[in-house]
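Subject: The structure, and what turned up in it

Hi,

Here is the structure for you to open up. Have a look at it first, and then read on for what was found.

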Amino acid sequence: MLSSRRGSSRPILASCSTAHAAHDGLAEALLVLLPLWAQAFGLSLTQTGALKSAFYAAMSAGQIPFGLASERLGERRLLALGTLGTAVGWLLLAEADGFRALLLAVLVAGLGSSVQHPLASSLVSRVHRGDRARAALGVYNFAGDAGKAVVPALLAVGIGVAGWRMSSWSCGVAMAVVALGVHLSLQRFLSGEKTPESPTATPPGWGITHRRDFTLLSAIAVIDASSRSGFLLLAPFLMVEKGLPVEQVGFGVMLIFAGGAAGKFACGFLAERLGTVRTIVITEVATALGIVAAVAAPMSALWVLLAPIGLALNGTSSALYAAAGEFAHEKRQARAFGLFYTVTTVASAAAPIAVGGLGDAMDLATVVALVAAWTVLATPLALALRSPQR
């Protein structure tokens, strides 16, 4: 493991947050390109959906292996190399001439992005000890949501000016610059030396020090991630059903993401003051109530509700990610975060399929209400969590 120098926690947080904003931003920017690719290459809706799924499948597949590899190679090197891999993926997208080339490019980009969540979270958690890790991870998660809002907008502007190929190439070059910046920054603020390890100092396996609570936390994360992914799928259709023109749905989605970015930031500090359990209970109950209100409210009132719903919907994850590090041994944090992020990514990918199937079979408002009920199930699990300090 790399050890941090005294006073380096803020620069390390800044570097990891920058990587998070870039990776998450480009992940969401794929949504801007999918309809353009469909038009340019005559892709079906199934093929365009497969491209997005391939990205998340590659990202899911790499999280645990890279978390394990970081224990030998160090987080800094892998984080920089993964970011460079994402850059290569986007440069390949700029040259793609059909579905197969696009599929290869998104797989490369997704695999590169798989290093970011477990390794950057591990670094942030390790250099911000104890309760400070909750607020630091809140900042880190806020950066990811800020990237989701800003990068797709910048790409859309770039496409209007220079076309999608040149804009994709520019994203690849920008990502390569981020990779270099992360490498140089972390090289400066991390000593680069591995902490001496002995067989008794480092636990075997995953290094989970509180298995019961880590399992409970993972179950809460599955509920949280799947409810968030499910609601985000249904929200645009709910707005249209309430009479909002299709061309204005994007503004509603932007409000949800804006509230989500604020929630990631605020709930990290809330968890620091109130603790993980109280924060999870507050945000999950608020999410469920907000979703129910969204079903009942007319569109004029829904405009006011969207940002607060986004705040609660995304805020829980800041408390969850901080707690995941608390239930794992310090020298096994990268692999523990890799396991935790893989579970949540799989839940996020699977939920739209399940929710979409329910939406085809029953009334939309009923399905949205079921998502709210599913969200509440996280509350009793949270109340059963025990602090590692007890």
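A quick definition before anything else: a salt bridge here is a side-chain nitrogen of Lys or Arg within 4 Å of a carboxyl oxygen of Asp or Glu. Please also keep in mind that this is a predicted model.

With that rule in hand, how many salt bridges does the count come to? The answer is two. One of them joins Asp224 and Arg228, with 2.8 Å between the closest N and O atoms. Since the cut-off is 4 Å, that pair counts as a salt bridge because its distance falls within the limit. Both partners sit in helix H8, four residues apart, which is about one turn of the helix. Asp224 and Arg228 are both buried, too.

The other salt bridge pairs the side chains of Asp213 and Arg212, at 2.9 Å from N to O. Its two ends have unlike surroundings. Asp213 is buried, with a relative accessible area of 2%, while Arg212 counts as partly exposed at 37%. As a general point, side chains of opposite charge can pair when their charged atoms come close.

Staying with helix H8 for a moment, which covers residues 211-241, you will find Leu216 there. Leu216 has a relative accessible area of 15%, so it is buried. What does Leu216 touch, once residues up to four places away in sequence are set aside? Its contacts are Leu381, Ala384 and Leu385.

Now for the overall picture. The protein chain has 14 helices and two strands. It runs to 390 residues, of which 52% count as buried. Taking contacts between residues at least 6 apart in sequence, 86% join residues at least 24 apart. The chain exposes about 16400 Å², and carbon and sulfur atoms supply 68% of that area.

Helix H10 (residues 276-296) packs with helix H13 (residues 364-376) at an angle of about 170 degrees, and their axes are 8 Å apart. That angle is why H10 is described as roughly antiparallel to H13. On the H10 side, the residues that meet the other helix are Glu284, Thr287, Ala288, Ile291, Val292 and Val295. On the H13 side they are Ala365, Val368, Ala369, Val371, Ala372, Thr375 and Val376.

Is Gln116 buried or exposed? Gln116 is buried, with a relative accessible area of 0%. You can find Gln116 in helix H5, which covers residues 116-127. Leaving out neighbours within four places in sequence, its contacts include Cys16, Ala19, His20, His23 and Asp24. Leu79, Ser121 and Tyr140 are also among the contacts of Gln116.

On the surface, Leu81, Leu84, Val88, Leu92 and Leu104 form a nonpolar patch, with about 430 Å² of accessible area together. Helix H3 (residues 75-95) gives the most to the patch, with four residues. Leu104 has its place in helix H4, residues 99-113.

Happy to go through any of this with you.

Cheers

Notes:
Residues numbered from 1 in each chain as written. Predicted model: local features only at pLDDT ≥ 70, side-chain atom pairs only at ≥ 80, totals over all residues. Heavy atoms only, no water. Patch = residues over 30% accessible without salt bridge, like charges linked within 9 Å, V, L, I, M, F, W, Y side chains within 5 Å. Areas by Shrake-Rupley, 256 points an atom, 1.4 Å probe, with all protein chains shown as cover. Buried < 20%, exposed > 50% of the residue type's maximum accessible area, 1.4 Å probe, protein only. Contact = heavy atoms within 4.5 Å. Axes fitted to C-alpha atoms, helices over the stretch in contact; angles between N-to-C directions. Parallel < 35°, antiparallel > 145°, perpendicular 65-115°, else oblique.
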